[in-house]
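Welcome! Take a moment to look over the sequence and turn the model around before reading on.

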Amino acid sequence: MISLSVTALVFGVVFLAELPDKTALAGLVLGTRYRASYVFAGVAAAFAVHVVLAVAAGSVLTLAPQRLVQAITGVLFLGGAAMLLMKKDEDDDEVKAPRDQSFWRVSGAGFMLILVAEFGDLTQIMTANLAARYDDPLSVGLGAVLALWAVAGLGIVGGKALMKRVPLALITKIAALLMLGLGLWSLYEAVA
């Protein structure tokens with residue numbers, strides 16, 4: 001039986017923790033380039049995998065060396081920022097559609113991005129802790145996955161709306177600067 005109070009509590013905690021995280025940024029960037037429903041399908045599947053892993057692992061994930069996770073995250077962010085900054089600008093402000101926009105290609109890209117970027121993330125560890133605390137894996141899992149899907153959906157929809165008003169080159173530079181900042185902060189936390 002699912003507890004609505006546990007589900008609501010987990011939803012609120014995970015939603016607020018994930019909202020300022022890299023997921024919304026990743027969804028925004030993907031949402032500017034690809035069909036939103038395809039991106040969401042891949043992202044939603046990756047989050048479902050993460051929640052299942054977190055709930056199944058319970059509090060075991062909290063034993064991972066935090067400094068190592070922060071260092072790897074920092075390096076990945078810096079690499080992503082470098083890739084965005086070195087990307088050649090488009091000659092015009094129109095978004096050039098990627099060659100292959102098939103469902104499997106786009107959803108697969110969203111799935112892999114979230115699967116890798118969110119592994120060991122704060123919300124995954126929080127979900128594991130909440131699952132261990134409440135001993136109600138279905139309620140915790142449902143609350144967590146709905147919160148993560150909501151944040152991803154907001155990022156993807158926000159990306160489409162933003163593209164109507166702001167050139168892609170500017171969005172790319174801002175995203176790169178944000179990733180650079182997150183990477184430096186993660187590395188600082190790993191060393192400090």
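## A serine and its surroundings

The side chain of serine 139 comes within 2.7 Å of the backbone nitrogen of serine 3. This is a predicted model, where local features need pLDDT of at least 70 and side-chain atom pairs count only at pLDDT 80 or more, while totals for chains, interfaces and linings use all residues. Residues are numbered from 1 along each chain as its sequence is written, and side-chain values use heavy atoms, leaving out hydrogens and water.

Serine 139 sits in helix H7; helices here are DSSP runs of H or I with at least four residues, strands are E runs of at least two, and both are numbered from the N terminus. Is serine 139 buried or exposed? Serine 139 is buried, at a relative accessible area of 0%, where buried means under 20%, exposed over 50% and partly exposed in between, using a 1.4 Å probe and protein chains only.

| Residue | Contacts |
|---|---|
| Serine 139 | Met1, Ile2, Ser3, Val6 and Thr7 |
| Valine 140 | Val6, Val10, Val55, Thr127, Leu130, Ala131 and Tyr134 |

Val140 also belongs, with Val10 and Val39, to the residues with the most contacts inside the largest nonpolar core, which has 26 residues. Such a core is a set of buried Ala, Val, Leu, Ile, Met, Phe, Trp, Tyr and Cys residues joined through side-chain atoms within 4.5 Å. H7 gives the most to this core, eight residues.

As a whole, the protein chain has eight helices and zero strands, and 39% of its 192 residues are buried.

Conventions: Contact = heavy atoms within 4.5 Å. Polar contact = N/O pair within 3.5 Å; in protein donor to acceptor, adjacent residues only side chain to side chain. Lists of a residue's contacts leave out its neighbours within four places in sequence.
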